[in-house]
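Hi there,

Here is the structure I promised to pass on.

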Amino acid sequence: MSRPTLYVICGLPATGKSTIASAIVAEAQLPFVRVDTIEHQLALAACGGGSAEPIGPAGYMVAYAVAADNLAFGISVVVECVNPLEVTRQAWRDVANSAGADIVEFLVTCSDTKEHRRRAEARSVAIVGDTGSFRAPRWDEIERREYDHWTSEHRVLDTAGRTPAMSIADARAILFPVSAHPLDEPIRNSLDGALSRFAVRRGRVMRADPEVSPFLVHPDVLDPQDWDDIAALFGPRTVVALNGPERELPAGWSHVETFGLVQLIGTGLETRPFADAVVLTAADVPEMLELVRRTEPGPFLPRTIELGTYLGVRREGALIAMAGERMHPPGWTEISAVCTDPAFRGQGLATDLVRAVGHGIRARGDEPFLHASAANVRAIDLYLSIGFELRRTSQLTLVRTPSPNAR
C-alpha cells in the first residue's frame, strides 16, 4: 500500500482557500476535513443550538483525530483550516508522522490588500449544518488575526489578480504535479507526435482535423483569447469537450453535460487474431457510420478510419461489429469504436475484436489502452474481466459554442 498524503490547505480567511480546497476534494475524491465546520458544530452543541461562541482549540483537536483515522487506513486527506500558529502546524506534522504519511503544507495568500478586503466584505460563506448563526470574520478581525511567521518548508499560492478557476488550476499544478506519462495527455501527445498531420492549431489550443476527430487540447485555465480560438476552430453552436468539471463560461456559451471518464490500460490483455475479422477500408465508412449511429460507442467521423487499423465482422454481407485504433501517444495505442449491432450481442464479438486489435498493437511494440464512460459499467466490467486495469478517472464537460451573433 502506498503512503497516504495529508494535504493541509491553509491561510487567512478570504484568500480563496475554501474555494481551492473544495475543488481539489471534488476532483480528487478525497476525504475533506474542514475545521470551520467542526468548530461551528461544536460551538452550537456547547450552547444548545443558540448563538455559537468561540471554542478554543477543540475544533483543531477533533480535526487532528479525524484526519489521523483516515490516514491510518492509507487514505489521503485534504484539510482546510486557517492554521495560524506554529503549534497547530507542528500538530499536523505530528499527525502525518504518526500515521506514516507524507504531508503537504499549502499556504494560500492574497498579497493585494485591497482585493483581500473586497473579498472579505463581499463573500458569502457556506457551512454544512449552519442554521444561520455562523458569522464569517470581518475585515478588521482578519487584519488583527494572529498569524505566526512560517519557519518550515511549505508551498505558497498567491491568489491576487487570479480568478477562482485560475487559482484552482494553479493549486492543482502545485499539489499534483503532472507526470510525464504519455497517457496523462493522450490527445496532446498524439497530435504533437504520431498524429501531427491531423493537428489544427490556433493560439494555445489545438484540435484534430474536423473530419477525423472532434477532440480538443487546451490549457487548464482558459483566458478570453483561448475561448475565442476554440469557437473559431469549431464554429458556431457546436458541442465541444473540455477537460475537467463544469466551469464558468463566457457569455454566449452554454453547458451541455459533465460526465465521468475512465482510462483503462491493457497490459494484462491476452491478445490474438480473430479469424472472422476483416480489415475495414474507406469503402466501408458509410456502413461504419451507420453502425456507430445505431450503437453510439463514441465519436466516429468520416475520416476517423485514417487514425489506425479498424477491424469488422460481417454476417450475410452486413457489418455487425467493429473496433479500431484512435489516439497514438508514444508507446501506446487507443482501442476505440468498439460496438456490436444489438441483434448480435452476447456472442463475444466485442471481446474477440478487442483482442484482435490489441494483437496488431502489440505487433508494433505498443500497448493497448482505452477510455469508457464511467456510467458504462457493463463495458468497464467486460474490459476488466479480459485483462484491462483502471489507470485513472477524469471528467469531461461538454459545452456549446456561441451563436454567430452572440457578443
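Below is what I found, starting with how to read it.

This is a predicted model, in which local features need pLDDT of at least 70 and side-chain atom pairs count only at pLDDT 80 or more, while totals for chains, interfaces and linings use all residues. Residues are numbered from 1 along each chain as its sequence is written, and side-chain values use heavy atoms, with hydrogens and water left out.

Buried here means under 20% relative accessible area, exposed over 50%, and partly exposed in between, with a 1.4 Å probe and protein chains only. Helices (H or I, at least four residues) and strands (E, at least two) are DSSP runs, numbered from the N terminus.

Val 35 lies in helix H2 (residues 35-46) and is buried, with a relative accessible area of 2%. Tyr 60 is 25 residues away from Val 35 in sequence, yet their C-alpha atoms are 6.4 Å apart. Beyond its neighbours within four places in sequence, Val 35 is in contact (heavy atoms within 4.5 Å) with residues including Tyr 60, Cys 81 and Trp 92.

Next, the strands. E12 and E13 pair in the antiparallel sense over 6 bridges; two strands count as paired if DSSP finds at least two bridges between them. These two form a hairpin with 2 residues between them, and Glu 316 in the turn has a positive phi of about 50°. E13 is also joined to E14 by 4 bridges, again antiparallel. Because 7 of its 8 residues are buried, E13 is largely enclosed by the rest of the structure.

Finally, helix H10 (residues 285-295) has Val 285, Met 288, Leu 291, Val 292 and Thr 295 buried. They cover an arc of only 120° around the axis, which puts them on the same side of H10; the arc is that of the directions from the helix axis to the C-beta atoms. The buried residues of H10 pack against strands E12, E13 and E14, whereas the face turned away carries the exposed Pro 286 and Arg 293.

Best wishes
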